[in-house]
Every structure is written in C-alpha cells, then in structure tokens.
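Student: I would like a close look at the charged side chains here. Please take me through how they pair.

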Amino acid sequence: MGCSSPPLRRPAGGTRIFTVCGLAAAVVGLAMTVSCSAGTSGTGPPSAPATATPSTVPAAVPVTAEINQLRDNYSRQIIAIQLTNTTPAPVTVRGAGLASPLFAGTIEWQATPGGIELPPGQTKILPAQLRAPDCGLPTGPVSEGPALVLRLADGRGTESTATVRATDPYGVLSRNNAEMCLSQAASAVAVMRLEPELEVAAGGQSAVLKLTITPRSTPGAVNPGSTASLTINWIDQTTLLEADPSAPWPRSVSVGAGGTSQQLRLGIRPARCDPHAIAEDKVGTLLPLRLSVGGRDGILKVDAGALLRGRIYEFITAACGRQ
C-alpha cells in the first residue's frame, strides 16, 4: 500500500516534526513517490525482502591451463602443465593434480616447498610424471579437456581449491597413451634395446648400430592377454641419423614370443651437419620403430642410452668435420 503523508502538527515551540514518510519524501525530493511497505522508489527495481539471503557468485578461477611436453621429456613420459595467471595480482600454486580417462590415477605435480608463484599475466610450467596408461582400445575422441584441481594461495596466504579444464591442443595425452600402450604390448612379446657399441667404418663417414631383440619366453608374461607376436614394419630416421644407402634398414621383421633372439645391424650416417645439430638435440638418438602389435600400430622409440648417445655425437662430429 502507498503511504500518504499525514498532516503536520506544530508543537507549542513552533518547531515542525515530520513523520518518517514525510522525512523520506523531503530527502529524495517531491517528484519521487515513496513506498512505506516496500521501501522502493518508483524509478528503481524492488529491493529484496529483509528476510532474503544474498546469492553467492563463485569466484572466477585466476588461471588457465594447457598441456604440453618438452622434447627432452618425451622418453621419460613427463608432461608440462602450463598455467597462466589471468589476474592483475600474483597467485601462488601449492598443488596440482590432473585427471584423465587415458591414465590410471591422478597425474600430480610434485610441489616445491611453498609452491610456485605466478606473476600477473605470466605463464609457468609444472612438470608432472604420467601414470600407467589405460590401454582399452579407444572408442572415440574425448569431448572435453581433463580436469585440473589446483591448490591456490593469494597474496595474504589464504588458500583455496579450484578446478579448471585444461586444454590439450597438441594431443599430448592421447599421443603418450598410444605410445605407452604400444610399448606395453611390445614388451609383452620381446625386449628391444640398442647395444652401447658403435662400429665406425674406416672412412669415418658411416657406422653401424646394433638393435638386439630378445623374445619373451612366455607370451603375456608382462601383459596378460596380449598377443604373442609383433612386426617391425620399418624404421624411421631421426633428426641426427639416416640410413646408409649401402646398408638399407630392414623391413617387415616378425618377432614371436618364445622365439630366438636376433640382432639387426643398422648402417647409419649423419642426417645433418649444421652447427646446431648436436647442440640442440633432444630426440636424435631415439630410434623410432614402426610396429604392429596387439591390434595397435604406432611408433616405439628405443633410447640409445648415455654411453651410445655420446658415441653417436662423436661420430657425427667427426664425420661432418671430414666433409
């Protein structure tokens, strides 16, 4: 109901006393109608009743997240969780855990004491070791990015938990899952390794790598239910090494669990001789085998190891120096 101003009364001393409604009307101006029942003006929206509870608006997550992987971490299955602070104030990250259906368990960043500070507008990388892969054959693309749970602290040290969907624009998680599952299936059939010795030809322009393949004595001993054979379809060159034309690399090599060991001799020569070839190398000594095993096709990268890696670098340096 609207409120009409009651008549003014003048006490004996001559001082006017306004009622509550009359005083409000005087303050806001004669042109504004005052409602005693709702306490609103005719030009604004109704105010909330006195018994209403204010709504709670969730605070925006102050960071965005992206998944990537540095080249020198390819063989170690370590990914990079890239966090970017999107606010004008520093944010401290004290914990981070990534959940993906492609891997068992939470992929966690091992937080440093006190966490890591993200200055305003800056990006920092949190390295995280991948967990065991879920090797069920894929049924389709993942519809959304993996959930990343963060423990954050503001400038006053107040800690909170936030969840953000991380983007994976380069397919890092699916690629690692495929490679790790392929490796798991292959290891159930045979162990493949590069011998540490490198045979350098007399002219120093070519050399021979030796890839030893040792079949498992019992199929499925490592991965129960796996197939008992694999095929090395072909071997790719690397950023540092290519096949010696006089000794082509073998193709369509069949390996069966319970079979005899074999050794493949791979003639190599430098794939490049520019000054940055070795200085910037990250993956040049990972030998890529194109495999088919257990219903999967993919690349298994065999690491040369520290000793052979050093010998390959020495060979390339000497061979390029003679050109």
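Student: Let's start with one residue. Is Asp303 buried, partly exposed or exposed?

Tutor: Asp303 is partly exposed, and its relative accessible area is 34%. Keep in mind that this is a predicted model. Asp303 has a charged partner, Arg309. The two form a salt bridge, with their closest N and O atoms 2.8 Å apart. The cut-off for a salt bridge is 4 Å, so this pair qualifies. Arg309 is partly exposed too, with a relative accessible area of 24%.

Now the general idea. Side chains of opposite charge can pair when their charged atoms come close. How many salt bridges does a search of the whole structure find? It finds 12.

Take a second pair. Glu179 forms a salt bridge with Arg175. Here the closest N and O atoms are 3.8 Å apart. Look at where they sit. Both belong to helix H2, which covers residues 172-187. They are four residues apart, so about one helical turn separates them. Glu179 is partly exposed, at 22% relative accessible area. Arg175 is partly exposed as well, at 24%.

Next, a third pair. Glu159 bridges to Arg151, and their closest N and O atoms are 3.1 Å apart. Glu159 has a relative accessible area of 39%, which makes it partly exposed. Arg151 is also partly exposed, at 35%. Arg94 joins Arg151 and Glu159 in a network of salt bridges.

Asp281 lies in a loop, between helix H3 (276-279) and strand S16 (286-293). Asp281 is buried, yet it has no salt bridge. Which side chain of opposite charge is nearest to Asp281? It is Arg309, 5.8 Å away.

What does the side chain of Asp281 reach instead? It reaches the backbone nitrogen of Gly284, at 2.6 Å. Now set aside the neighbours within four places in sequence. Asp281 is then in contact with Thr239, Leu240 and Tyr313.

How values were computed
Residues are numbered from 1 along each chain as its sequence is written. This is a predicted model: local features need pLDDT of at least 70, side-chain atom pairs count only at pLDDT 80 or more; totals for chains, interfaces and linings use all residues. Side-chain values use heavy atoms; hydrogens and water are left out. Buried means under 20% relative accessible area, exposed over 50%, partly exposed in between (1.4 Å probe, protein chains only). Helices (H or I, at least four residues) and strands (E, at least two) are DSSP runs, numbered from the N terminus. Lys and Arg count as positive and Asp and Glu as negative; His and the chain ends are not counted. A polar contact is a pair of N or O atoms within 3.5 Å; within protein, one must be able to donate a hydrogen and the other to accept it, and residues adjacent in sequence count only if both atoms are side-chain atoms. Contact means heavy atoms within 4.5 Å.
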